[in-house]
Amino acid sequence: MSARVITITSGKGGVGKTTVTANLGVALAMRGQRVVTIDADIGLRNLDVMLGLENRIVYDLVDVVEGRCRLRQALVRDKRLQELYLLPAAQTRDKSAVRAEDMVRVCNELRESFDFLLIDSPAGIEQGFRNAVAPADEVLIVTNPEVAAVRDADRVIGLIEAEGKGPAWLIINRLKPEMVRRGDMLDTSAVLELLAIDLIGIIPEDEAVIVAANTGRPVAFTDNSLAGRAFHHIARRLMGEEVPFAPLKEPGFLERIFRWMRSEGEEQR
Amino acid sequence: MKLLDRVLHRQEPPSGEIARERLRLVLAHDRANISPGLLEVLKDEIIAVISRHVPIDPEGVQVTYTEGPRVHRLVADIPLRTERRAQRR
């Protein structure tokens with residue numbers, strides 16, 4: 001048994017890498033996968049607060065790399081789920097504290113005990129990004145449907161191809177269906193055509209994501225939000241399931257009833 | 001209201017369409033590592049070299065970058081300066 005190492009990256013900052021990492025970690029763990037989320041953003045750690053685990057950190061990635069603790073001691077277990085862990089970044093150091101080969105070594109050590117290692121990459125295309133991508137088997141590129149984010153995503157896709165990493169898939173985050181409908185936002189097909197890369201998920205803009213960040217409880221924990229459901233779709237696709245791309249709007253009253261009728265008797269997730 | 005706005009005033013395509021067109025150009029230049037500024041430099045040097053041998057119309061010279069499915073190319077369009085009488089013969 002060997003874990004798949006998946007790096008979540010984007011080039012541009014603020015497009016939702018950490019949100020995606022946290023939610024995919026939760027969604028995969030809810031589906032019975034053993035998951036470690038790894039914060040590779042040394043000096044600007046945030047994955048811990050997204051997951052609501054900030055008060056439970058004792059050791060971090062740099063402590064592991066510099067031999068101050070064993071790898072297992074640095075893993076923070078999420079008590080809400082059976083098998084979700086966080087390997088936090090150091091907050092007081094910078095990117096040069098970790099080298100690409102350290103990341104590879106840490107991931108190799110974790111591979112045998114888990115199903116998925118999700119690495120939250122820092123923004124940019126410098127050392128921190130290279131560290132995050134070095135151990136990756138697969139790469140998820142997060143972008144927003146806007147000019148600067150798509151441009152940076154293209155740059156990152158080029159770098160990943162040049163390094164022979166991949167396969168790489170695209171996640172379009174913070175799409176506003178209403179703006180797309182009136183022509184004021186790049187639509188999915190335009191983004192895919194420009195970037196020439198396969199899509200693995202579309203996350204609609206959803207206020208529930210901000211509420212979740214406030215409380216440290218990612219939206220994927222429940223079925224109540226559009227974004228939460230979209231993250232579960234991605235998790236299922238990662239696990240090899242064919243999941244059609246759902247329309248990005250709240251279901252109407254009748255649709256809810258149909259959905260409820262259909263789900264009766266089916267296994268609930 | 002918005003529709004009326006569009007019909008009466010807006011000549012421009014919706015902003016999503018503008019974003020797509022701008023990105024198409026920006027990505028092409030990024031990928032080839034050829035900036036619009038570099039194209040200008042190339043154009044000036046091409047004019048200098050060619051006009052040493054052949055009379056050309058420097059105003060009409062165009063150097064563009066195009067991305068095809070297989071080959072990306074630099075296209076230089078260089079109009080020659082010819083006398084009308086010479087063409088007639």
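What share of the contacts in chain A with a separation of 6 or more comes from residues 24 or more positions apart? I looked this up before anything else, in what is a predicted model. Such residues account for 76% of those contacts.

**Overall form.** I found 12 helices and eight strands in chain A. Its radius of gyration is 18 Å, close to the 18 Å that the globule rule gives for 269 residues, so chain A is as compact as a globular protein of that length. I noted that the C-alpha trace spans about 60 × 40 × 35 Å along its principal axes. Of the 269 residues in chain A, 48% are buried.

**The sheet.** I followed the strands of chain A across an open sheet of eight, in the order β3-β4-β2-β5-β1-β6-β7-β8, and the pairing is mixed. At the edges I found β3 (76-77) and β8 (198-204) of chain A; each has a single partner strand, so one side of each is left without a neighbour in the sheet. I then looked at β1 (residues 4-9) and β6 (residues 138-143) of chain A, which pair in the parallel sense over four bridges. One entry for this pair: A:Ile6 has A:Glu138 in β6(A) as its bridge partner.

**A helix on the sheet.** I checked α9(A) next and saw that it lies across β6, β7 (168-175) and β8 of chain A. It runs at about 145° to β7(A).

**Contact with chain B.** I recorded 15 residues of chain A in contact with 13 residues of chain B. On the chain A side, the elements giving two or more residues are α7 (147-162) and α9 (188-195). α7(A) gives the most, with six residues. I sorted the residues of this side into seven nonpolar, two polar and six charged.

Methods
Residues are numbered from 1 along each chain as its sequence is written. Chains are lettered from A and ligands numbered from 1 in the order in which they are written. This is a predicted model: local features need pLDDT of at least 70, side-chain atom pairs count only at pLDDT 80 or more; totals for chains, interfaces and linings use all residues. The radius of gyration is taken over C-alpha atoms; the globule rule is 2.2 Å times the number of residues to the power 0.38. A residue is buried if 20 or more other C-beta atoms lie within 10 Å of its own, exposed if 12 or fewer, and partly exposed in between; C-beta atoms are placed from the backbone. Two residues are in contact if their C-beta atoms, placed from the backbone, lie within 7 Å. Ala, Val, Leu, Ile, Met, Phe, Trp, Tyr, Cys and Pro count as nonpolar, Asp, Glu, Lys and Arg as charged, and the others, Gly among them, as polar. Two strands pair if DSSP finds at least two bridges between them. Axes are lines fitted to C-alpha atoms, for helices over the stretch in contact, and angles run from 0 to 180 degrees between N-to-C directions.
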